[in-house]
Amino acid sequence: MTRHNGKEEIALSRTLNLFTITMIGVGGMIGAGIFVLTGIAAGVAGPALILVFLLNGIITSFTALSYAELGSGFPEAGGGYLWVKEGLGGANGYLSGWMSWFAHAAAGSLYALGFGRFASELWIMSGVPMFGLSVHQMTLGFMTLVIIAFTAINLLGASETGTIGNIVTMTKVAILGLFVLFGVLAMLRTDAWHVRFTTEFMPNGIMGVFVAMGLTFIAFEGYEIIAQSGEEAINPKRNIPRAIFLSIGIAVTVYILVSIAAIGATTPPEGMKVYEYLGLQKEVAIVEVAAQTFPWGIGGVLLLISGLVSTMSALNATTYSSSRVSFAMGRDHNLPQVFSRVHPVRHTPHWAVFISGGLMLLIAWTLPIEDVAAAADIMFLLLFLQVNVTVMALRHKMPDLERGFRIPWMPAVPLIAILANLLLAITLFSFSPVAWYYTVGWLVVGLLLYLAYFSKIEVLEKPKEILQEEVLISRDYSVVVPVATQEQARILGQIGAYLALDRNGEVLALHVIKVPPQLSLGQGRLMLKEGRPLLETVIKQAKARNVPVHTVLRLGRNVPEAIRKTVEENAADLLVLGWPGYTNSEGRLFGSVIDQLVGNPPTDTAIVRYRAHRPLYNVLVPVGGGVNTRRAFRLALSMARHAEEGPAKVTLLHVMPTGMGASGKARAELLFRELLDGVDYPRIKKEIIVSNQVVETILDYAKGKRNRPASDLIVIGASNEPLFRRLIMGSTPQKIAREAEVTTIVVKRRSSPLHSFLRQTVFEPDTTETPASVEN
């Protein structure tokens, strides 16, 4: 626990190295699944069990890439829960944590019951009296003891947890290595062993493979636990991605080797195929294989011991992860505050560990564990789906975030992962409809809790982003004017006032105070005085034109996101952004702030390339058709009507390529008629110029060449934006804005809800300038 300015900040100690967090991931994957589920999956998929593990490894790797990027960028306890909360919002974040907590707890109860069954079998084999207890009762007793034991171990601290986990995991892998060794030796002594892998490879077809993938997917979920260790990992930006891929590689290799040994070395009863026999043996199939292949008759006992070690390893990992998720939720006021308490000596979230252990006991004692395990699978898959959407959203929301690892081939990789996770989740419905009912029920309960209570507490406890807000008169039409310098405040305040005046609206003057990562959001209040003079300048410009002003001083780590929030919270109608004509951000057209906003505009947006002030007599509007042209024309009329020198002339200019002839002129006239329909403004001129040099022609016209009056303002619509990886704003408007000698305004309409969602997730911004024409 650290202290800043007299306030306590809840934090965990960093003690876990690369080897330890890799072993946490391996321990989470190579657990009860390889022992309990291998036989069942072999009965469904046949020899294609090898393909099942390979395909699950590939599918897992796609989502693991998202975990690697996010884990290296957000190395905090909570993992997927915190990422989804940051990228998709509070309700999504709450549900992801709620699902993750239950899924890890349910998986832990499954592993504990597996331990109980193996311990009971070993007890019976030893000949020790059972004291009148049934196998089921003994299983529940051993299950209870092992959950209590690992809850206590996790209460001691991460270093103790990691050390014990390392020993358990390495022992387990060593025993499985012996299983593979003796299995392969036995397989090579078997006549025509290769026929087992070539005959009836997929006895139940491809659907059998899919069902087996759904059944065994829980065996690949352990790498997710690595992300929970981010706050306690040494050098997390480097070690978390490496640990994720190392653990998956180790687990997939072990699974494939075990499946080869099991299918190739087993001697089934007469008349029965190997995969049928394994399926019949179910959870003890691996033990039966070991009994046949190990020398000296020790195989069954050794594999039971390995099963005990494996289930303990997995239980250790899931106890750790479930407590860290609930700890993070408690810290964010999404669970009662008791979950966020850290032990003053051990520096562990002791209440989160204790309550998570209690949840495991409750699940194991009261619910049908097979269906709950399937529900945990579904919840993991839905969480992974959310994480893959989140990694795309955060690429847009936080493009400048320092990431130790970046996913290649965006957005194809997370999109493939989303489809694969959804397919496996749907497949599990055919295996266990009850699991889906549990999943829906748990989600409904969580959502009701969030909406009824935790969402309100979250808002009350959240650091206040808006430092100061003044509203004199509220109007229906609102023009948001973000300002960062006095020059911006003067010029944009004047333009915003003109535009608001034409609609009998208000100006919302906004200054965002960017809070550096070293400070908490609340400490940004120290910079309050920096923004007030800028807002005073906007107020002065608006008052000179009798326009009411609504002022907001806001804190934020991400300036574009703070501006977007202000626009959305106030349902603003127009956003006016200032651009000096250059950018210091490499690879950006208008700069890191403007590019992020105009790529997915929260409302109609005007980018002002400001020049020296000059009286407004002539407004030039280059037109090419489309919604942005119509918005540009209406904005030009608003400016022209309220010019201080009296109503200004508005010129509609269409540059027509050579060779278009009469048809091109007819289309231009039709465009003019559509623009002027319903417009009552006398000072409008229409002009058509034939030229293939669009930018040069418009710039020459604005300069007043060929005995024309020079333009005092240019207003142009943004180019039509193709859906797939094209320029944020068309290069023609951008070039005109950059090279024109007078102030230029580029106008773009707001995004539709569907386009906005795709822009925030799937389609990565491309700031590489490419040729484009005026909107057409």
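Hi everyone, this is a short tour of a few spots in a predicted model.

Some ground rules: residues are numbered from 1 along each chain as its sequence is written, and side-chain values use heavy atoms, with hydrogens and water left out. Since we are looking at a prediction, local features need pLDDT of at least 70 and side-chain atom pairs count only at pLDDT 80 or more, while totals for chains, interfaces and linings use all residues.

Let's start with strand β4, residues 478–482. Strands here are DSSP runs of E with at least two residues, and helices are runs of H or I with at least four, numbered from the N terminus. Is β4 buried or exposed? Of its 5 residues, 5 are buried, so the rest of the structure largely encloses this strand. Buried means under 20% relative accessible area, exposed over 50%, and partly exposed in between (1.4 Å probe, protein chains only). In a regular strand, side chains alternate between the two faces of the sheet. On one side of β4 we have Ser-478, Val-480 and Pro-482, on the other Val-479 and Val-481, and all are buried.

Who is the partner? β4 pairs with β5 in the parallel sense over 5 bridges; pairing requires at least two DSSP bridges between the strands. Val-480, for one, has Leu-508 of β5 as its bridge partner.

In the loop between α20 (486–502) and β5 (506–514) sits Arg-503. Arg-503 counts as partly exposed because its relative accessibility is 43%.

Last stop, helix α22, residues 559–569: 8 of its 11 residues are buried, so it too is largely enclosed by the rest of the structure. Among them are Pro-560, Glu-561 and Arg-564. Just after α22, Ala-571 takes a positive phi of about 50°. Thanks, everyone!
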